[in-house]
Amino acid sequence: ALYSAIDGTTSTNRKVEAMVAYFTTADTADAAWAVYFLSGGRPKRLIPVRRLATWAMELADIPEWLFDECYSAVGDLAETIALLLPPPVSDAATSSHPPDETPLAHWVESSLLPLGDMTETEQRTAVLAAWNALGSSERFIWNKLITGSFRVGVSEQLVIRAIARTSGLDESVIAHRLSGHWSPTRENFEALVAADSGDADLSRPYPFYLAYALDGELDNLGAPDEWQAEWKWDGIRSQVIRRARETYIWSRGGDLITERFPELKMAATRLPDGTVLDGEIMPWKDGAALPFAQLQRRIGRKTLGTKILAEVPIILIAYDLLERDGHDLRALPLSERRARLAEVIAAVGGAIMLSPDVPLSEWDDARAAQNSARERRAEGLMLKRRDSEYGVGRRKGAWWKWKVEPYSIDAVMVYAQAGHGRRALLHTDYTFAVRDGDALVPFAKAYSGLTDVEIRQLDAWIRRNTLEKFGPVRHVAPEQVFELAFEGIQASPRHKSGVAVRFPRIARWRTDKPASEADTIETLRAMLEAAR
């Protein structure tokens, strides 16, 4: 019912109200799992999706080709299965099914999580029993949970807001308690909403403060001397925590990554107890940043040998000091936190350095620095008010990010696939290629940047100009040209083009340009060479 209430409105206030009503009345064990799922938590995929599809085909008594056609039309496996399954055996004579009253926590802990340890036969028995106990909408959510693809239209910040209203606590308190590895248990939810939950978890980070993209002229920000400018680096935003002689390194995504960066862990042992730093983990060698692709070489390894540690050393570029001697400093102005941060880092050294200050006597200094950012392998500039507190989440006004203009290239769409959720009936995921002589070489996928009107127009064109179908993927006539924007470029032996790009998105639909005038593989290679 909560999922339906959230999914049935675009109003932020109504979504929050629905969650408040739920958390006010739900059993705390159920509420804990609701927090987990609504905040984006998901168990690993417990059953291969093709196995689920096979069982659904057997129950629905339809051939594989028809199931695949349905899946192609719907665009979501969990929804396809829920729509195709016959009514529960106990309710076959009617078109409705009474809602299941088994608590959410029981479903998750007794039915969902054990699936991963079952044999295939045991899994089939358990899944079919669940399908027979649930109505269509409940089956849909159950299928999403099984496949690890549950999503709903609320952000973690909205969940925090709803819990804060329910408990009467400040949002920042709830955000802090949810930071790190929060486990969905009855005890943890009760501690989450308690007036005094004994917040003594030594490893717990603070909620990260995030900046908005600069959306106006620099001169509108006021006097330059009221602002601190520093480079915006392309690494892993992290917090380094030193408490009770232990070190914890958290990524912004909520992952504990201490053991991945042994040199940073060692440097953190020299931090005073009760210290929390906010910064960026960067690949850094000979006094300069390395490409992000080098950092990815480390991230993808389970074990770090001496060779990779020597080839890709890392540092923490420290932005802020959130805690010192066990005292929360976030309410202090940035200028004071910065001065204290410099004192702490001066006594540490090693793999921790102070974020370089970009001199800013007039706004032209910022413009000149921003123009040189890519030469430093920086993404642009950060502008922060010197009197700003360290807030929670994304806030407008005090912190701005000013990124360099992205790379761009004109490419030809060669494949299209249906999207998910409300776009499941429209083709919104596209593959793009550049020219290589008479051939087209795919190099990027993108699914954002078009308006709803453009998506519908393009979807109609795709359906009329499909050359081949490979399951849900359509090979289309190579006629439509799009300008793609992307943030980075790197060599990639895994891609046929030999190139991979970071964060590609559609900048515009080039209806004015034929495919014969799209960019070539040589253009991409020239960009790659310039980025090295």
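Phe 150 is buried, at a relative accessible area of 9%, where buried means under 20% relative accessible area (1.4 Å probe, protein chains only). The model is predicted, so local features need pLDDT of at least 70 and side-chain atom pairs count only at pLDDT 80 or more, while totals for chains, interfaces and linings use all residues. Residues are numbered from 1 along each chain as its sequence is written, and side-chain values use heavy atoms, without hydrogens and water.

**Exercise 1.** Classify the ring pair of Phe 37 and Phe 150.

*Solution.*
Step 1. Rings of Phe, Tyr and Trp (its six-membered ring) pair if their centres lie within 6.5 Å; planes under 30 degrees apart are stacked, over 60 edge-to-face, and the rest tilted.
Step 2. The centres of Phe 37 and Phe 150 are 6.1 Å apart and the planes stand at 65 degrees, so the pair is edge-to-face.
Step 3. Phe 37 belongs to helix α3 (residues 28–38) and Phe 150 to the loop between α9 (136–146) and α10, so the pair ties together parts 113 residues apart in sequence.
Step 4. Phe 37 is also buried, with a relative accessible area of 7%.

**Exercise 2.** Classify the aromatic pair of Phe 482 and Trp 509.

*Solution.*
Step 1. The distance is 5.4 Å centre to centre, with 20 degrees between the planes, and the pair is stacked.
Step 2. Phe 482 lies in strand β19 (residues 481–486) and Trp 509 in strand β22 (residues 505–509), so the pair ties together parts 27 residues apart in sequence.
Step 3. Phe 482 and Trp 509 are both buried.

Terms used
Helix = DSSP H or I, 4+ residues; strand = E, 2+ residues; numbered from the N terminus. Buried < 20%, exposed > 50% of the residue type's maximum accessible area, 1.4 Å probe, protein only.
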